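Hello,

Here is the structure I promised to pass on. My notes follow below it.

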Amino acid sequence: MKKKGIFAKKGLAVLMTAALAAGMLTGCGGSEEGPTKSPASDGQEAPYYENEPEMPAEAPAEEPPEMPSGGSDEAVAEAAEEPWDSAGAATQNSPYARGEANADEYYLPYQSVEPDGEEYEKAEENGFYITGVQPLSTFSADVDTASYANVRRMIEDGYTLSDINPDAVRPEEFINYFSYDLNYPKRGEMFGVTTEIAPCPWNEDHQLMMVGMRTEAIDMSEAPDSNLVFLLDVSGSMSYDDKLPLLQESFKELVNELGEKDTVSIVTYASGVETVLKGAKGNEKDKICSAIDELYASGGTNGEGGIQRAYQLAEAYFIKGGNNRVILATDGDLNIGISEPDELEKLITEKKENGVYLSVLGFGTGNIKDNNMERLADCGNGNYAYIDSLFEAKKVLVEEMGSTLLTIAEDVKLQVEFNPDRVNAYRLIGYENRMLEASDFHDDSKDAGEIGAGHTVIALYEIIPTGSRDEISLKYQSGSEDSGKSRYSDEFATVSVRYKEPGKTQSKLKSYVVDEEDFTKAPSDDFVFASLAAEFAMILSDSPHKGTATLEGIIEEYSTLDIDDEYKEEFYYLVRMMAKRQ
């Protein structure tokens with residue numbers, strides 16, 4: 001039985017404060033002096049609709065949230081003044097303040113709810129591989145962040161450790177949700193690579209190796225023009241405040257960032273499919289925002305029809321050399337047409353070959369089909385993010401617009417060859433659904449992940465050093481007599497990265513050696529924080545490899561870091577909340 005705070009489902013009227021709403025209206029073509037005009041009211045062309053439905057009557061205003069029954073007078077007074085979003089977090093505050101508000105001793109009262117229909121899918125957790133038998137570890141890059149944001153929503157809704165579905169926790173998405181101060185690319189290179197090895201925080205007999213990559217950020221004013229198709233789920237399951245209403249405000253944030261050379265089309269799907277807007281210029285913000293505002297939720301979910309229509313529009317307004325992308329926003333529930341993940345995968349894979357990518361934004365609780373959405377994004381050469389608040393929408397669609405929507409490296413694969421003289425066995429933390437065969441690394445026909453401009457990506461390996469008391473011994477296999485031992489004895493591994501430039505069919509290869517110079521007993525703050533994110537994920541999923549990791553240990557170690565990052569501060573408060581619920 002899961003528990004959620006009583007504030008968890010308050011309406012959008014409570015979510016949006018007057019100041020925040022005024023800022024959005026201004027960005028969407030309105031004025032600080034008065035309300036936004038409808039495009040049709042001042043002579044502009046009204047949004048295009050096919051079979052325009054009759055709009056339902058306006059819903060009555062939401063009641064203000066109930067006040068906590070316990071705690072100090074100050075806590076109750078603060079709760080009375082604070083606007084809350086659909087995930088139970090204060091939307092007017094930064095993630096730091098939101099976390100601090102949720103982490104203090106006065107918790108929101110809980111109420112029991114029935115088990116929900118959320119669906120998750122995760123492969124078996126990676127175990128240790130003996131280097132002498134399998135020296136190569138090969139996987140696809142992953143820049144999705146949905147798992148962390150989704151689990152954050154669960155924590156803010158009052159879930160305990162036993163409530164969280166282990167399959168919802170993907171460690172690589174916890175680690176890569178955050179930004180890191182990694183090495184910048186050298187002149188003429190696609191990636192800057194950072195490698196570091198230190199003692200493993202959760203097992204004193206092991207070591208931890210970090211491999212980090214960073215791409216160059218791009219000034220969005222100089223970025224290629226965008227041809228975007230918003231593919232929006234307006235089925236009945238999207239009627240809740242944390243779904244369609246949050247979706248509408250989120251996409252208006254993105255619209256505010258577009259320019260006159262960008263184009264926007266909007267397709268909605270429910271029981272049927274509607275082409276709401278065709279090829280509007282990015283500076284026609286009134287027109288686009290008006291079309292978004294007029295959406296409402298009703299009916300079934302014709303995902304197949306919506307996807308096909310969206311790709312038709314993307315191809316009709318295709319910009320050669322531009323950023324051509326369908327952005328699907330949904331709770332993932334597809335019940336009309338194609339509904340099996342394998343069929344969806346085939347459809348999206350066929351469409352991406354035309355140069356139109358797919359990004360997926362997940363919304364809502366109780367019905368989210370995480371498994372569907374992740375596979376769709378993977379097959380469409382795009383990324384998958386979960387939007388649990390307006391602040392997350394700003395992070396994904398505004399702050400990280402380049403890395404979210406502008407792909408600069410395709411089919412990015414990593415292959416790490418470990419040296420048996422230094423590494424007895426290794427385990428990649430996370431990336432279970434990104435694993436590749438060793439031969440796939442050299443096969444340019446094999447699909448892999450995409451990385452956007454300004455992105456940082458980190459992979460962590462837990463290592464059993466050769467000669468440690470945890471060493472895995474084999475009777476008939478040994479690398480101790482290898483003639484190459486003296487030549488490479490100071491090397492732990494070689495990291496190779498293969499990628500394609502957008503639109504190219506032949507990959508490029510770069511390799512980097514990890515040696516004794518990368519080992520330290522005083523690791524960087526980036527290394528330590530990434531290890532803390534991994535520990536948190538292992539604890540939440542009750543990993544058999546979590547060793548001595550504890551929530552209290554994460555809290556203690558975090559306090560030693562010099563961090564000025566509101567998202568990492570929020571992480572700290574999420575850990576504190578979970579520690580107090582044990």
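Arginine 434 counts as buried, because its relative accessibility is 9% (buried means under 20% relative accessible area, exposed over 50%, partly exposed in between, with a 1.4 Å probe and protein chains only). Before going on, please note that this is a predicted model, where local features need pLDDT of at least 70, side-chain atom pairs count only at pLDDT 80 or more, and totals for chains, interfaces and linings use all residues. Residues are numbered from 1 along each chain as its sequence is written, and side-chain values use heavy atoms, with hydrogens and water left out.

Arginine 434 meets aspartate 142 in a salt bridge, 2.8 Å from N to O (a side-chain nitrogen of Lys or Arg within 4 Å of a carboxyl oxygen of Asp or Glu). Aspartate 142 is also buried, at 1% relative accessibility.

Lysine 243 and aspartate 331 form another salt bridge, at 3.0 Å from N to O. Lysine 243 is in the loop between strand 7 and helix 7, and aspartate 331 in the loop between strand 10 and helix 10, so the pair ties together parts 88 residues apart in sequence. (Helices, H or I with at least four residues, and strands, E with at least two, are DSSP runs numbered from the N terminus.) Both lysine 243 and aspartate 331 are buried.

A search of the whole structure gives 27 salt bridges.

**Strands**

Strand 17 (residues 491-500) is mostly covered, with nine of its 10 residues buried. Strand 17 pairs with strand 13 in the antiparallel sense over seven bridges (strands pair if DSSP finds at least two bridges between them). Leucine 414 stands opposite valine 497 there. Strand 17 also pairs with strand 18, antiparallel, over eight bridges.

There is also an open sheet of five strands, in the order 3-14-16-6-5, with antiparallel pairing. Strands 3 and 5 stand at the edges with a single partner strand each, so one side of each has no neighbour in the sheet.

**Helices**

Helix 16 (residues 551-558) packs with helix 17 (residues 566-580) at about 145 degrees, with axes 9 Å apart. Axes are lines fitted to C-alpha atoms, for helices over the stretch in contact, and angles run from 0 to 180 degrees between N-to-C directions. The contact (heavy atoms within 4.5 Å) includes Leu551 and Tyr558 of helix 16 and Phe571 of helix 17.

Best wishes
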